[in-house]
There are 2 protein chains.
Amino acid sequence: MRPGIKQVAELAQVSIATVSHVINNTRYVSNEIKQKVYSAMEQLDYRPNAVAQSLRSQKSNTIGLIVPILPSDTSNFFFMTVAQGIQSTLKKHGYQMLLSNNTTEELEEEKEQIKLFNSKLIDGLIIASIAEDVGYLNDIVRSRYPVVFIDRKPEGYNGDHVVADGYGGSFNAVKLLAEKGHRRIGFVTGTLGISTSNERLEGYKKALAEQGLPYDPSLVKVASPSFESGYECAERLLAEGGITALFIANNVLTMGVMGCLQEKKIRIPEDLAVVGFDDYDWTKITTPPLTVIRQPSFEIGEKAAEAMIKRIEEGQDNPEFREYRLPTQLVLRGSC
Amino acid sequence: MRPGIKQVAELAQVSIATVSHVINNTRYVSNEIKQKVYSAMEQLDYRPNAVAQSLRSQKSNTIGLIVPILPSDTSNFFFMTVAQGIQSTLKKHGYQMLLSNNTTEELEEEKEQIKLFNSKLIDGLIIASIAEDVGYLNDIVRSRYPVVFIDRKPEGYNGDHVVADGYGGSFNAVKLLAEKGHRRIGFVTGTLGISTSNERLEGYKKALAEQGLPYDPSLVKVASPSFESGYECAERLLAEGGITALFIANNVLTMGVMGCLQEKKIRIPEDLAVVGFDDYDWTKITTPPLTVIRQPSFEIGEKAAEAMIKRIEEGQDNPEFREYRLPTQLVLRGSC
DNA sequence: CTGAAAGCGCTTACAG
DNA sequence: CTGAAAGCGCTTACAG
């Protein structure tokens, strides 16, 4: 049987309370007694029962993370790296991460997962919500614990959020292409209406304007989030003709576009200069290697965890919610 | 405040015991009373406190999963897909998955994670151990719950394990190359001594033998698990000359090799025919797209979860441990 | 057919 | 400076 605190107390000949206090360093215990307790714990290979601790203290030292990850989808990679950033910094502060991924891309699933987390007494929630409006959190979370949003800017519920500077990344990519002399620069984006896509489009427009280039809506293709859709957008842009450069605003679409270009034997960058999104490993081994906008995914996770810890330590007193905006980075390779 | 079972009992005017029994369907309750309880639960938006349930019943309905995932490493993808397979089938059986990834690739970390799981009362452990010998589990797990191993065959501790048929995959890849007329077929493998690498090497040898080709150790390069190491192995094989085909036995190394070939402008398959390992999305968009051995990663996860559920339901009575070996698949594309 | 009560393994006021 | 006891929210023998 697993030894409990009672067994430790008996062996050390002290009270249960004392054992608890030496474990948690929560009140003064004489050195002599401390030693007895430590050695008893060691002898029994005692580990506190986390479940009992949670029940009693109404605190689980656990932060829930909800992230939309489809099976076998390349975009996994981004959120997985974020998750690792979160986990590694939570660990430093003595917290654990409970991961739940929304495989269905449905909002109901997301809600269900939060309710599950609630029943496990999480101390905080970090979420990359798929909802455009996260107002539903008002009913489910009810400010019982802090919520930190990642990737997108939340609407309808207050919370810190950490995002990558997609605006700046997009701006820099398009500016680079324009400076290389390209006048007709295609743009492939994911569904609009969410903050990430919106601001990347803004960056595109802004760069064009600054470079004195006209904004031509026919050069902008909105894709659904799939390889195939990216492929198809590239196909259409190619068929319509006229572009000499292409910027793709997310990683799944970048892959789809590259699939199309490789199949049609478009020479890069001679026939078409290309800049993609997200610095995935595979972008290094395409022909030629791809210039991309890098999002600091691990750092996003770290920052989200830090924000969470801060919130928990501060308590409810601070009503001002912060936006943490992390810089993106232009990674130059052979494709433009 | 979150309502507890007591509040439900009061509102429904029944005992706590009765509420518990209708929740768990664990003894007869008259329809009339059931209805009262249900409506009280709904009215209060009641959810049982999972922590209290675990503590009392000494069962958490949670399966721990430990998997070695390095930050920003492409190999993440394999285990992530496995994890999704596990999670989706556990969910069907009312279990949750608790994920812990060993970021350090160190055995001590692995042990620490298991101890943490223990303190959370997990009902079972699914693990892709990095240890060559998992005998240490005898001390930590002590048969308190079932262990299912994935990816590799365990040594030193008994448990079901589910693996992909690397032997068959490797055999088919090399056979294909030989049948296309290649006589000198290079082989890049990860560290030997673990079941996965070992059996892929065996498959290579077996295919050569069957095709009447000599086994030449100088064509076999053992790499450490990194992009760079794969790159370097390709470089060496190229420098030493003589190979017309190359089979790479895991995905990280495949990427490294492709990086090298692309940089040295080796034409594929004209100069060198290539077969890689693992059907990652990016293998579709290399130039040319890559022929690979596909491992059924999601299915591995599903099978592991099924094996776990079976063990838990069977109890301790069945001492015969099973190997589940899932077929790999040759995915033909342009690189050979 | 249903209820009162013990107890899972802890933490934390309350006493002394 | 340390201990005895209540209680977190459930499940589950034991009674009737």
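How many salt bridges does a search of the whole structure find over all chains?

## Overview

In this predicted model, the search finds 40 salt bridges over all chains. Several of them are described below, with the exposure of the residues that take part.

## Two pairs in chain A

Arg311(A) and Glu314(A) form a salt bridge, and their closest N and O atoms are 3.6 Å apart. Both residues belong to helix H12 of chain A, which spans residues 297-314; because they are three residues apart there, about one helical turn separates them. Arg311(A) is buried, at 5% relative accessibility, whereas Glu314(A) is partly exposed, with a relative accessible area of 25%.

A further salt bridge joins the side chains of Lys284(A) and Asp281(A), with an N to O distance of 3.7 Å. Lys284(A) is partly exposed, its relative accessible area being 34%. Asp281(A), with a value of 18%, is buried.

## A link across chain B

In chain B, the side chains of Lys153(B) and Glu323(B) meet in a salt bridge at 3.6 Å, N to O. Lys153(B) is in the loop between strand E4 (147-150) and strand E5 (160-164), while Glu323(B) is in strand E11 (residues 323-326), so this pair ties together parts of chain B that are 170 residues apart in sequence.

Lys153(B) is partly exposed, with a relative accessible area of 43%. Glu323(B) also counts as partly exposed, at 33% relative accessibility.

## A network in chain A

Salt bridges can also be followed through a group of residues. Lys153(A), Asp165(A), Glu199(A), Glu323(A) and Arg325(A) are linked in such a network.

Terms used. Residues are numbered from 1 along each chain as its sequence is written. Chains are lettered from A and ligands numbered from 1 in the order in which they are written. This is a predicted model: local features need pLDDT of at least 70, side-chain atom pairs count only at pLDDT 80 or more; totals for chains, interfaces and linings use all residues. Side-chain values use heavy atoms; hydrogens and water are left out. A salt bridge is a side-chain nitrogen of Lys or Arg within 4 Å of a carboxyl oxygen of Asp or Glu. Buried means under 20% relative accessible area, exposed over 50%, partly exposed in between (1.4 Å probe, protein chains only). Helices (H or I, at least four residues) and strands (E, at least two) are DSSP runs, numbered from the N terminus.
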